Amino acid sequence: MKIDLRSDTVTMPTSAMLAAMMSAKVGDDVYGEDETVTALENKLSAVFNMEAGLFCPSGTMTNQIAIKCFTQPMDEVICDQTAHVYRYEGGGIAYHSMSSVRLLNGPRGILTAEMIASEINEDNIHFPNSSLVVLENTVNKGGGACYSLEQIAPIADLCKKRGLRLHLDGARIFNALTATGDSAASYGQYFDGISVCLSKGLGAPVGSVLLGSAETITRARKIRKAFGGGMRQAGFLAAAGIYALDHHVGRLAEDHAHATALATALSETDFVDSVMPVESNIVIFKVRAAYTAAGVISSLNDVGILCGATGPDTVRFVTHLNVTSAMTDHVIQQLKNLKPVNNS
Ligand SMILES: *Cc1c(COP(=O)(O)O)cnc(C)c1O
């Protein structure tokens, strides 16, 4: 048995999801004629109380389109130093938007209005124009840390007052909503753009949706075309997204419970130094000085457990749709017996 804890992107579509995809009514979406794509865009924008949506091939593309919409060349984007948009999108902010990035250092990637306020540039010939703040919820590199709406509201307020746009990288927004109990419908009022990923914990094979005002999405649709992201009979993929929203949101709490159980088991081993507090479906732990992340990962691989390093001495487990309670119990059992190579 292989248990894949590397990422929640590894989920496979269920047979019911595949059936929904196979029976989708499709058309040419570049002509605006794919009713399933339109249904997904309308459904998700209604859920988040925003005007419009745009189905895109990846979360990276939704983020990069949003950043392009909300900046001009020579602007500056403010985000945490852990941000996916900065670290893991291939330098896309520089390449697509010709903007610089101001990196902040929030605890576990969580920013406050105070941290952001002091980094907004004054209007001065020397300074790039601060035009956009990007938040991530949950924070991937922060071990799945969550913003509550109470934390977001003052940031949105600051952005409004200082004339900046606010974008949310919501690759795991439904995990955040599950953890905080906040309502999706309350999100729309705070953000100019929201990226929602369907291919992570929600289990769709492909796709993310960018949400925004009707004006933003009209512009975003043009940028998507220029990025090569205009898709034709994409309704087969959008049907998976609709299925995921209808059937896989309610079960995310299970993933969080599995992550918590794994964290407890990890903290009881003798090779783990510390485990970041679990807030959602990500567990990041630090190995003791005598061990390395690579050594621990290789020992876990030997017993069929796949996971990844986030640094030389840190390892990440991600729980998802394809990690059952029985698999979680199995991993916990294996952790109890594991004897990674000790290099000291
Ligand atoms: C996975 C992820 C994305 C998008 O990734 P794609 O692989 O391009 O879909 C964006 N932001 C965060 C925080 C992510 O974890």
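Visitor: Which residue stands opposite Ala52 in β8?

Guide: The model is predicted, so local features need pLDDT of at least 70 and side-chain atom pairs count only at pLDDT 80 or more, while totals for chains, interfaces and linings use all residues. Residues are numbered from 1 along each chain as its sequence is written, and side-chain values use heavy atoms, with hydrogens and water left out. Strands (E, at least two residues) and helices (H or I, at least four) are DSSP runs numbered from the N terminus, and β2 runs antiparallel to β8 (residues 208–212), with five bridges joining them. The residue opposite Ala52 in β8 is Gly212.

Visitor: Which strands stand at the edges of the sheet of seven strands?

Guide: Two strands pair if DSSP finds at least two bridges between them. The sheet is open and mixed in its pairing, with the order β2-β8-β7-β6-β5-β3-β4. Each edge strand has a single partner, so one side of it is left without a neighbour in the sheet; these strands are β2 (52–56) and β4 (100–104).

Visitor: What angle does the direction of helix α7 make with that of β6?

Guide: Angles run from 0 to 180 degrees between N-to-C directions, and axes are lines fitted to C-alpha atoms, for helices over the stretch in contact. Helix α7 (residues 149–162) packs on this sheet, touching β5 (129–136) and β6 (165–170); contact means heavy atoms within 4.5 Å. The angle with β6 is about 145 degrees.

Visitor: How many degrees does the twist average from one strand to the next in the open sheet of four strands?

Guide: That sheet has antiparallel pairing in the order β9-β10-β13-β12. Its edges are β9 (272–275) and β12 (308–311), each with a single partner strand. The twist from one strand to the next averages 35 degrees.

Visitor: Which residue of β13 stands opposite Val283?

Guide: Strands β10 (residues 282–287) and β13 (residues 314–318) run antiparallel and are joined by five bridges. Helix α11 lies across β9, β10 and β13, at about 10 degrees to β10. Opposite Val283 stands Phe317.

Visitor: Are α11 and α13 roughly parallel or roughly perpendicular to each other?

Guide: The axes of α11 and helix α13 (residues 325–337) come within 9 Å and cross at roughly 10 degrees. Angles under 35 degrees count as roughly parallel, over 145 as roughly antiparallel, 65 to 115 as roughly perpendicular and the rest as oblique. The two helices are therefore roughly parallel.

Visitor: How many residues of the contact of α11 with α13 are nonpolar?

Guide: Among the residues making the contact are Leu262 and Leu266 of α11 and Val331 and Ile332 of α13. Ala, Val, Leu, Ile, Met, Phe, Trp, Tyr, Cys and Pro count as nonpolar, Asp, Glu, Lys and Arg as charged, and the others, Gly among them, as polar. The contact has three polar residues and no charged ones, and its nonpolar residues number seven.

Visitor: At what angle do the axes of α8 and α11 cross?

Guide: The axes of helix α8 (residues 173–180) and helix α11 (residues 252–267) come within 9 Å. The helices are roughly perpendicular, and the crossing angle is roughly 75 degrees.

Visitor: Which helix gives the largest share of the lining of the largest pocket?

Guide: The lining of this pocket comprises 19 residues, with Gly59, Thr60, His84, Cys197 and Lys200 nearest its centre. The lining divides into four nonpolar, 10 polar and five charged residues. The largest share, three residues, comes from helix α3 (residues 59–70).

Notes:
1 Å grid on protein atoms, 1.4 Å probe; cavity = no way out; pocket = protein on both sides within 12 Å on 5 of 7 lines; lining within 4 Å.
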